[in-house]
Amino acid sequence: MPLSFDPDTIRMPKGHFIGGRYVDGKDGLPMRRPSDALAFADCPIADADLVDEAVSVAKRALRESGWSTRRPRERTNAMHRWADLIEAEGETLARLEAVSSTRPISQLIQGDVAVTAEQIRFFAEFADKEGSDLVPTGDDSLGMIMTEPYGVVGAITPWNFPLSMAGWKLGPALAAGNAIVLKPSEMTPFSTLYVAELAVRAGIPAGLINIVLGDGQTTGNAMTGHPDIAKISFTGSTAAGSTIMANIARTGVKPMTLELGGKSPQIVFADADLTLTANAIANSILINAGQACVAGSRVIVEESVMEPLVTSLLARMAAITPGPTWDETSDYSPVISERQIGRIDAIVRAARGAGAECLAGGKYLDRKGYFYAPTLLSNVGPDSPAVVEEIFGPVLTLQTFTDEEEALALADHPIYGLAAGLFTRDLSRAIRLTRRLQAGTVWVNRYSRSRDHILPTGGYKQSGIGKDLGCEAYQANRKSKSVLINI
């Protein structure tokens, strides 16, 4: 069945989703489709009163449904039904996301929808398999570490992978017995609204998932400072994460999980499989036009193999098929907004002004929408803005090294430590350098997440606090208490 569709025929959900129903929104932020820059909808802004209503609904739903106290397997079963519906409604979800986001429809169907269903199933199985622990104490006592849900969890997700990012937050929070108030990005809210509607259709009690739309300044601040939201989970920029931490500190104290920005290196040694390496590096910056926090934007290559690697990268960059996200033949994404594409171009121009050589791209593509050419910059120094700043676009920088110590020095970033790539056939070297790389995730002879959701993700330095995915994400949605009983 053809996947291409007419975006003007898609009916977008309207309003916020609170208590299992859509609630009309006030005001509105104008939205434009990245693929053609046309205005197509407004995103309402939830003020502090509406956020408070969503939190109250969530608290009441927890109390009345018994979600956190019922047999854990009931939570598991309901979440499996939800994952089934996500798959069954995959085409609708993909179309809703393709219109407003930067994700091509074919990649959504094959990737994001399937991955989100898998994530929900993965976390569902924790509900009746993770619990309290007996711990060794003296013979006259019984020691336990008991865990329980927080209650109402707040989550804020980014615009770059709206559906799968919602799965990151919703899955572990619900499996752990919490209710959740989630704010998707004001630029890409529609698939998140619909996935929440599917949860209610699957039998998850209404009010356990509440979606409030809006911006960070109004809606985000109201959420992070709300006294009845017991824990915050956020994925986005380091600057926004800092703002969230400050707002929480001003209004109280609560735990938080923050997955933040990155400026990830990919180190290539002369013994690497260069075909595999070039494909992995190209994919890391071409998929979603480099709009990913883990994008491997800094290529650090052993000097002797720079030329063949560059030749392969340039060929991959030239082979893209840009096009609107609703066209199934498109494999290269637009940039999310006019503001963001302007920022990308400004950083590239600043880098060139500082001496960088542009081997490819460095310009807008001549077509409708916000498309920027895949760009490769060489002759960049460690202080180049293209090396230092998180660009969040299809821009690779190229630096060379002659030995391991120089490679590690170039890889180390003063602020970020989210992910890193390493390409070598030498196993000893791979293990040795993996231990020394300052990154929360290291990929060896690949550069991508797998569908093994057991592997957590999170950063070092200012790239974040805590972990998403893995058993760590489930545990981060439960609080623990120590119990000691005399016997």
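Colleague: At what angle do helix H4 and helix H5 pack, and are they roughly parallel or roughly antiparallel?
Modeller: In this predicted model, helix H4 covers residues 105–124 and helix H5 covers residues 162–175, with their axes 8 Å apart. The angle between them is about 10°. Angles under 35 degrees count as roughly parallel, so H4 and H5 are roughly parallel to each other.

Colleague: Which residues make that contact, and how many of them are nonpolar, polar and charged?
Modeller: From H4 come Asp112, Val113, Thr116, Gln119, Ile120, Phe123 and Ala124. H5 contributes Leu163, Ser164, Gly167, Trp168, Gly171, Pro172 and Ala175. Sorted by class, the contact of H4 with H5 has eight nonpolar, five polar and one charged.

Colleague: Are H2 and H4 roughly parallel or roughly antiparallel?
Modeller: Helix H2 spans residues 72–88, and its axis is 8 Å from that of H4. The two pack at an angle of about 175°. Angles over 145 degrees count as roughly antiparallel, and therefore H2 and H4 are roughly antiparallel.

Colleague: What residues of H4 meet H2?
Modeller: The H2 side consists of Thr76, Met79, His80, Trp82, Ala83, Asp84, Ile86 and Glu87. By class, the contact of H2 with H4 holds eight nonpolar, three polar and three charged residues. On the H4 side are Val113, Thr116, Ala117, Ile120, Arg121 and Ala124.

Colleague: Which residues of H8 are buried, and what do they pack against?
Modeller: The buried residues are Thr238, Gly241, Ile244, Asn247 and Ile248. An α-helix has 3.6 residues a turn, so residues three or four places apart point the same way. The buried residues of H8 pack against strand E7, helix H7, strand E10, strand E11 and strand E17.

Colleague: Which residue follows H8, and what is its phi?
Modeller: The residue after H8 is Gly252. The phi of Gly252 is positive, near 150°.

Colleague: Where is Glu259 found, and is Glu259 buried or exposed?
Modeller: UniProt, in an unreviewed entry, lists Glu259 for "active site". Glu259 is in strand E11. Its relative accessibility is 1%. Buried means under 20%, so Glu259 counts as buried.

Colleague: What is Glu259 in contact with, leaving aside its neighbours within four places in sequence?
Modeller: Among the contacts of Glu259 are Trp168, Phe234, Thr235, Gly236 and Cys293. Trp168 also belongs to the H5 side of the contact with H4.

Colleague: Which residues does Thr192 touch, not counting residues up to four places away in sequence?
Modeller: Thr192 has its place in helix H6, residues 190–201. At 0% relative accessibility, Thr192 counts as buried. The residues it touches are Pro162, Ala166, Leu182, Pro184 and Ile211.

Colleague: How many Å apart in space are Val305 and Ile248?
Modeller: Val305 lies in the loop between strand E13 and helix H10, and is buried, with a relative accessible area of 9%. Leaving aside neighbours within four places in sequence, Val305 is in contact with Phe269, Ala270 and Leu274. Val305 and Ile248 are 57 residues apart in sequence, and their C-alpha to C-alpha distance is 49 Å.

How values were computed
Residues numbered from 1 in each chain as written. Predicted model: local features only at pLDDT ≥ 70, side-chain atom pairs only at ≥ 80, totals over all residues. Heavy atoms only, no water. Axes fitted to C-alpha atoms, helices over the stretch in contact; angles between N-to-C directions. Helix = DSSP H or I, 4+ residues; strand = E, 2+ residues; numbered from the N terminus. Parallel < 35°, antiparallel > 145°, perpendicular 65-115°, else oblique. Contact = heavy atoms within 4.5 Å. Nonpolar A, V, L, I, M, F, W, Y, C, P; charged D, E, K, R; others polar. Buried < 20%, exposed > 50% of the residue type's maximum accessible area, 1.4 Å probe, protein only. UniProt positions renumbered as here; feature names shortened; annotations may be inferred.
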